[in-house]
Each structure stands twice: as C-alpha cells, then as structure tokens.
Amino acid sequence: MATFVDRVVLHLQAGDGGHGCVSIHREKFKPFGGPDGGNGGHGGSVSLVVDPQVTTLLDFHFHPHVKADNGKGGAGSNRDGANGHNLVLKVPNGTVVQTTDGTVLADMVGAGTTFEVARGGRGGRGNASLANAKRKAPGFAELGEPGDQLDIVLELKSVADVGLVGFPSAGKSSLISVISAAKPKIADYPFTTLVPNLGVVRLDNHTFTVADVPGLIPGAATGKGLGLEFLRHIERCAVLVHVIDSATLEPGRDPVADIDAIEAELSQYGGLAERPRLVAVNKVDVPDGRDLAEIVRPDLEERGYRVFEVSAATREGLKELTYAMAELVEAERKAAPPAEPTRIVIRPTAVDDAGFTITAEADGSFTVKGVRPERWVKQTNFDNDEAVGFLADRLARLGVEDKLAKAGAQPGDLVRIGVREFDWQPTLYAGVEFVPGNRGTDVRLEEKSNRASAADRLAARKARRVRSADEVGADASDDLDDDIADEDDAE
C-alpha cells in the first residue's frame, strides 16, 4: 500500500479571542475603586512552514481537522487573559496552498518558508480599557473576536531539476536507482511505481535532483492511469528526459510512437512546451533493443532531440546521459533570474478611506460591509444596553449614520452588518451625548413610558386652575346681568 499523499483538504479553525472582563475594584474603605477588568487573550493562529524532513502530506490525510487554542478571558484586578498558542504545521517543499475553488494562496518553496493561513481572533477589551472621561465605569466589556475558519487544499508538486517521463515499465525506476541513492520499488509489471521518487545525483561539481514520475499512458491528462494525479510533479522540473523502452513486445509500440504519445499528453496538460528534452533509449543490453535504437536514432535526431542509448542493467551510456542532464540543469540555473529576498510590502489605508461600504438591496434593506464595523458587531454583547449604545456611538463617529441617510435609508429600515440585522433608528444616537446612568444601561435605549412626566402633570394642574378661575368669573357676570334684567322688569 502506498503511503505517499500529495493532495489533501484541510479544515482549519483558528482560535477565538477571549472575552474582556467587567469588574469594579473594591476594598476596605474604598467601595468604588474604579474599573479593573482585564482584556481577553488573542486566539492562536494556524501557520504552514516548509520542513525539508517532511516529504508527504500523509499526516494531514489522517488528521484533516485542525484547530488552534482559544485565548483566555480577562479577569479582575487588571489581569489579562493568556493568548492561545499558535499552531505551526510542517509541510513538504513545493506545497501549493489554494482554496477549494482553485485560488492559489501561496506557493511554498524553500526551507523555512512560512505562511499564516488562518488568523486568530482578537481578544476583547475589558472595562478598564474602555473607560474614558464620560464613561468612567463601563458596565460592559468587548467579546472576543472569532478566529478564521476556512477549508484549504494542499497540493504537493515535487521540486526537482530533472523529470523522467515515459510509459509504464520503460525502466525509469531502474534508471534513477543506478544514478542516485534512491531505492524505488522495481518489478516486471506495469505501474510498479505508484508514487514519485526523488533522487540526488552528484557528478563532479554538479548536484541536481531527479524525479521518477509514475508511468504515463495515452489519456493521462484526462484522468486515465496514474498520470493525472502525478503530472503536477513535473511542473517544476527544468529538464525532461524521455525514457524509451526499446525492447518492448507490445504491438504498435516503438520509440517514436511512445514519444509522440507522451508529448501529446504533456501538451494537453500545458505549461511544459519550453522545457528542454533529452531522450534515453533504455534496455540496449537486449540485442533486439540495440538494433531498434540504432534504427530510430536518426529520426529522433531530426526532430531536434539529443539521443542517448543506455542500459540501467549494465550502466552503459549512463555517464554521458548524466553529464548531459547536468549541462542542461546548469544552463537553466544560470538563465533563471537571481532569487531575491522576500520584500515586506506595507500598504497603509488611505486617509480619506472610511473603511466601509453601504449597498442598497433589492428588498429595501441596506448592507454595511467593512472590517471595522463587522469586527465591532462581533465584539458587542447585545444583551447589554450600554454595550449596544457604545456600538452605536462608534458607528456614528465612523460615518455610518450619515452615509445611510445619504443612501436613502428611512427610520425603521432593515440594516445588516455582518451576521446582525437592525431596525435603523437614527434619532436614538445621532447627535445625542452619552449620559452616564446605571452600569449596563443606556437611557437612549429605554422604551418611552405612556405615563406623563412630573413636569407634564404639574403643567396640567396649573392649566386646570386657570380654567376654574375663568369659569367662576363668567358665572358671576351672568348673575349680575340677570339681576339688572329683573329690576328693569319691576319698573
């Protein structure tokens, strides 16, 4: 059973940030010593690092679910929570990190190359960090931010200088076993090699690596045989060597036809047309094989190939072949641009960038997207009115209120920020100063009572008293008029 795995799907979960703490310092003769809630710790991140000692993705095949540690919550007496431990996963050299839809995130080549694939969540601030001149003792704290959660695909593309390609049983494994210290499985049946084999060749002052790719057959680029799974391993090879079986007994097989079939598959796979080629006609130790090699050699040289007649069994012609490999590898290395150290690129946010966008949806709702608004919503405890009021103040200062109004939002419209939905009520927050009250409450969020206030009741009583005096004066005037009328009648 093969223990080589070159493609896995990982389910990653970075650590969540710890929650901030709500605490008030109390001690003897000092019942209210101010807020002292500590901050939550940051969640652990998940990173990938290239380790030369790792040659396969087998460990991830059996353990595809990876989760980093969460940050610890803050505590009283200004004690911050511990950060979660970062998780570092070791991957082979040549690993390509991509999303499930095929978007490449990183191409990891070179020992020590590191890539942070999932970032841990930020820890929430405690009420000691949230205190200011107006809000001296906050009755709330921020929640920890959730860590990144995503699925990625790891694909291993072997990093080799020379790639050996050819039909099954052409002698590729035998060839790499005699020119290097590699010990691949060798047998007299097709598809003996089920995994790519790498060997290091040392020749005078030259050192290069050779990859033995499992046998290709017509249709390999479309999924037949093992070619589709292992064609990716020759993408990084600087030189390709056609290993041809000159002693095959299969009908319809000859060196020229084999090369045409392999070249058709390489062309269909794409990206390999410019790689220099060599042709190694193997098994010339067999009499019929040597005769066939001499017959096809002129035809192959007319096509521009350098042809070498070799025998892995007797090691005939291997010295000339390895020197030709070294020559082409050195030429490719000199032609390649010099490696530059990785540059750290800093892209600061523009000064006039509000950091969010507002989109009017077809159903009449509005969606707010932005790193800061979405993070603030995640860190808000919506069971605490003071925390909700604090969020509203932050959004108003950021300019969300103004842009919603300019976008045509009306009070009561549905507004989405992240996973939360709100009924927009701008009159509760815009231009209203924070008024300290009981911890954990915000007077702007209190529901208005139907009962009249004391001032309203006093004004109503005064109005009734004024009406009563007017009514008494009107009654007295009516009685006087009646008396005058009676005296006139008596005369």
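Contact here means heavy atoms within 4.5 Å. The model is predicted. Its chain has 491 residues, and 43% of them count as buried. The secondary structure comes to 11 helices and 18 strands. Among contacts in the chain with a separation of 6 or more, 71% join residues 24 or more positions apart.

- Strand 9 pairs with strand 11 (residues 206–212) in the parallel sense, over three bridges. Within this pair, V162 stands opposite V210 of strand 11.

- D161 lies in the loop between strand 8 (149–156) and strand 9.
- The relative accessibility of D161 is 17%, so this residue counts as buried. The cut-off for buried is under 20%.
- D161 touches F208, T209, C237, A238, V239, V329 and R333, leaving aside residues up to four places away in sequence.
- D161 and A211 are 50 residues apart in sequence. In space they are 7.8 Å apart, C-alpha to C-alpha.

- Helix 5 has 15 residues, which should span 21 Å at 1.5 Å a residue. The end C-alpha atoms of helix 5 are 21 Å apart, so the two values agree.
- The buried residues of helix 5 are P255, V256, D258, I259, A261, I262, E263, E265 and L266.
- These buried residues pack against strand 9 (162–165), strand 12 (239–245), strand 13 (277–282) and helix 6.
- Just after helix 5, G270 takes a positive phi of about 90 degrees.

**Two helix pairs**

- Two packed helices are described by the angle between their axes and the distance between the axes.
- The axes of helix 5 (residues 255–269) and helix 6 (residues 287–302) come within 9 Å. They cross at roughly 50 degrees, and the two helices are therefore oblique to each other.
- P255, V256 and I259 of helix 5 make the contact with L292, V296, D299 and L300 of helix 6. By class, this contact has six nonpolar, no polar and one charged residues.
- Helix 8 (residues 371–378) and helix 9 (residues 385–398) pack at an angle of about 175 degrees, with their axes 11 Å apart. That angle makes helix 8 roughly antiparallel to helix 9.
- In helix 8, R372, P373, W376 and V377 meet L391, R394, L395 and L398 of helix 9. By class, the contact of helix 8 with helix 9 has six nonpolar, no polar and two charged residues.

- Three strands form an open sheet in the order 4-2-7, with mixed pairing.
- The edge strands are strand 4 (87–91) and strand 7 (114–118), and each pairs on one side only.
- From one strand to the next, the twist averages 30 degrees.
- Strand 2 (residues 46–50) and strand 4 run parallel and are joined by five bridges. The bridge partner of S47 in strand 4 is V88.

- Strands of a sheet pair through backbone hydrogen bonds, either parallel or antiparallel.
- Strand 15 (residues 357–360) and strand 16 (residues 366–369) pair in the antiparallel sense, over four bridges. I358 stands opposite V368 in strand 16.
- The hairpin of strand 15 and strand 16 has five residues between the strands. In this hairpin, G364 takes a positive phi near 90 degrees.
- Strand 16 also pairs with strand 17 (residues 414–417), in the parallel sense and over three bridges. T367 stands opposite R416 in strand 17.

How values were computed
Residues are numbered from 1 along each chain as its sequence is written. This is a predicted model: local features need pLDDT of at least 70, side-chain atom pairs count only at pLDDT 80 or more; totals for chains, interfaces and linings use all residues. Side-chain values use heavy atoms; hydrogens and water are left out. Axes are lines fitted to C-alpha atoms, for helices over the stretch in contact, and angles run from 0 to 180 degrees between N-to-C directions. Angles under 35 degrees count as roughly parallel, over 145 as roughly antiparallel, 65 to 115 as roughly perpendicular and the rest as oblique. Ala, Val, Leu, Ile, Met, Phe, Trp, Tyr, Cys and Pro count as nonpolar, Asp, Glu, Lys and Arg as charged, and the others, Gly among them, as polar. Two strands pair if DSSP finds at least two bridges between them. The expected span of a helix is 1.5 Å times one less than its number of residues. Buried means under 20% relative accessible area, exposed over 50%, partly exposed in between (1.4 Å probe, protein chains only).
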